[in-house]
Amino acid sequence: MKNKRSFDIIFVGGGQSSIFGAYEAINANPELKIMIVDKGQMLKKRVCPKETLGRCVNCPTCAIIYGVSGAGAFSDSKFNMDYRVGGDVHTITSKDLVNDTIQYVAGIYRDFGFGDEPTGLKYNDEMEKIKRSCIENDIQLVDTPTMHLGTDGSRELYTKLIDVLLEKGIEFSPNTDFLDFIIENNEIKGITIKASEEEEKLYSNHIVSALGRSGAKKMMKMCQKHDIGYSAGSVDIGVRVEIPDVIMKTINKNFYEAKMVFYTKKYNDKMRTFCSNPSGFIAAEKHKDDIMLANGHAYKNKKSTNTNLALLCTKSFTEPFNQPFEYASSIAKMSTMLTGGKLMCQSYGDLKAGRRSTEEKISRLNIIPTTTDYVAGDISLACPKRILDNIMEFIEVHDKVTPGFASNDLLLYFPEIKFRSTRMELDSNMETTVKGLYSAGDSSGYGSGLNIAAVMGILAVRDILSKK
Ligand SMILES: Cc1cc2nc3c(=O)[nH]c(=O)nc-3n(C[C@H](O)[C@H](O)[C@H](O)COP(=O)(O)OP(=O)(O)OC[C@H]3O[C@@H](n4cnc5c(N)ncnc54)[C@H](O)[C@@H]3O)c2cc1C
């Protein structure tokens with residue numbers, strides 16, 4: 001029987017929110033006893049077999065999304081320096097606080113050696129032309145300064161950061177599944193975890209839950225089980241598109257990533273571009289229930305000749321339906337069933353013509369896919385009509401700003417889904433309706449990017465420290 005283990009703060013999930021939260025805590029008080037629990041491996045051991053085998057082998061715990069340093073570890077870490085991008089936690093705090101804390105996080109990046117100038121600060125003639133074209137076509141261009149680390153640079157940063165956390169005495173429990181919260185009289189007392197065969201209880205009066213997108217469903221179940229305040233939020237469903245760099249050249253050169261928001265004329269639904277990766281690579285993420293989702297990333301030193309970006313449709317539902325999470329999962333399951341466990345890929349030319357893509361037809365295009373984790377098929381068999389109509393309308397309007405975008409060579413990988421449908425009820429310090437239990441990052445429903453995840457982790461810790 002193990003001794004009862006107690007901590008000043010436990011972070012559930014070892015991603016962006018937790019790492020920056022823990023860094024804030026240990027610097028403020030080096031005496032604190034801190035534990036970070038994560039389902040995946042320590043960062044240095046996170047290896048995706050695809051890097052050597054060239055294809056996804058369906059690991060039981062996907063190294064790309066699970067593991068210490070979180071989903072950010074394999075991302076190219078575009079760090080957006082504006083409250084309008086990466087989430088909407090400013091709606092429960094303030095724009096100034098979020099922006100100030102983003103600058104504070106950028107300062108930590110610089111302390112760890114990443115001093116590159118953010119892109120997108122000053123407009124030149126080409127940028128003005130793009131902005132004008134967006135205005136003419138009813139597209140909102142959310143132009144924010146962005147620091148870009150690259151997948152390799154981001155790995156270096158997190159490796160250094162985690163080494164510092166270990167040196168400062170923070171404990172990590174990798175390969176550990178978070179099972180449950182221990183809550184008494186609406187106060188957090190600890191968590192139940194499972195590493196290997198044994199279950200164990202860890203105790204703390206201060207817990208920061210930051211399970212990321214991969215743990216968003218688990219967080220919703222916890223809310224239901226323990227009556228923690230939450231509401232069903234929205235879900236983002238769409239495609240990851242891949243297009244030759246030459247088409248995106250002006251945008252890539254000037255903005256690196258141009259974040260565009262567009263309300264479709266047909267349904268008045270919100271469409272947005274997300275996570276653009278110039279000269280990047282398509283990533284296939286395996287989620288729970290054998291769902292395969294599209295994503296993308298870019299290295300600083302290894303380049304492809306394609307740009308990838310997500311085109312996402314934000315869907316929220318009114319009464320009586322309140323399960324956006326299940327809705328999106330069902331769509332993903334349908335697609336994964338059709339492909340036998342891979343992404344579905346179709347060229348825009350084939351989609352418009354109403355015929356399925358095949359490998360042979362894709363080989364005739366001016367683009368070589370940067371992944372092999374797909375089956376060429378017909379997205380319209382898996383994607384609801386309204387969402388597909390929205391995607392196609394957005395592609396056509398994007399073409400007006402970026403000529404050539406709506407070409408037959410545009411590849412669409414389906415589905416890309418952002419599971420952040422549970423909107424936790426949080427106060428301005430990230431505390432849930434359970435005393436001492438905080439929620440941060442993607443699984444809180446307020447975050448979708450590295451900047452806001454780090455901000456939320458830090459704000460939660462500052463509140464904890466102010467009460468200790
Ligand atoms: C491929 C890719 C590219 C991206 N690119 C960018 C980008 O360029 N810029 C940007 O701003 N954002 C990007 N993002 C999003 C960004 O990575 C996330 O918004 C951010 O990591 C969220 O931080 P988090 O702390 O909320 O969750 P995460 O960083 O995802 O961490 C959650 C952690 O919880 C753990 N976990 C989950 N379930 C359990 C469980 N049951 N028990 C124990 N542990 C569990 C996971 O292993 C994970 O480590 C990208 C994401 C991906 C996947």
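## Cys 275 and its strand

Strands are DSSP runs of E with at least two residues, numbered from the N terminus. In this predicted model, Cys 275 sits in one such run, strand β15, which spans residues 270-277. Its phi is near 50 degrees, a positive value in a residue that is not glycine.

Is Cys 275 buried or exposed? Buried means under 20% relative accessible area. Cys 275 has 14%, so it counts as buried.

## Other backbone features

Most residues other than glycine have a negative phi, and most peptide bonds are trans. Asp 138 also has a positive phi, near 60 degrees, and is not glycine. Asp 138 belongs to a loop, the one between α4 (125-136) and β5 (139-142). Its relative accessible area is 48%, which makes Asp 138 partly exposed.

Pro 415 is placed in strand β21, residues 411-418.

## Where the ligand lies

Which domains give residues to the shell around the ligand? Domain 1 and domain 2 both do, so the ligand lies between them. Domain 1 is made of three segments, 5-114, 149-231 and 421-467. Domain 2 is made of 125-144 and 234-418.

## The shell around the ligand

The ligand is surrounded by 36 residues. The closest are Asp 38, Gly 67, Phe 178, Asp 442 and Leu 450. Sorted by class, the shell holds 19 polar, nine nonpolar and eight charged residues.

## Polar contacts and cover

How much of the ligand does the protein cover? On its own, the ligand has 1,000 Å² of accessible area, and the protein covers 97% of that. Several elements give two or more residues to the shell: helices α1 (16-28) and α12 (450-467), and strands β8 (176-184) and β17 (291-297). Strand β8 gives the most, with three residues.

How values were computed
Residues numbered from 1 in each chain as written. Predicted model: local features only at pLDDT ≥ 70, side-chain atom pairs only at ≥ 80, totals over all residues. Heavy atoms only, no water. Near = heavy atom within 4 Å. Areas by Shrake-Rupley, 256 points an atom, 1.4 Å probe, with all protein chains shown as cover. Helix = DSSP H or I, 4+ residues; strand = E, 2+ residues; numbered from the N terminus. Nonpolar A, V, L, I, M, F, W, Y, C, P; charged D, E, K, R; others polar. Domains from an automatic or database assignment. Buried < 20%, exposed > 50% of the residue type's maximum accessible area, 1.4 Å probe, protein only.
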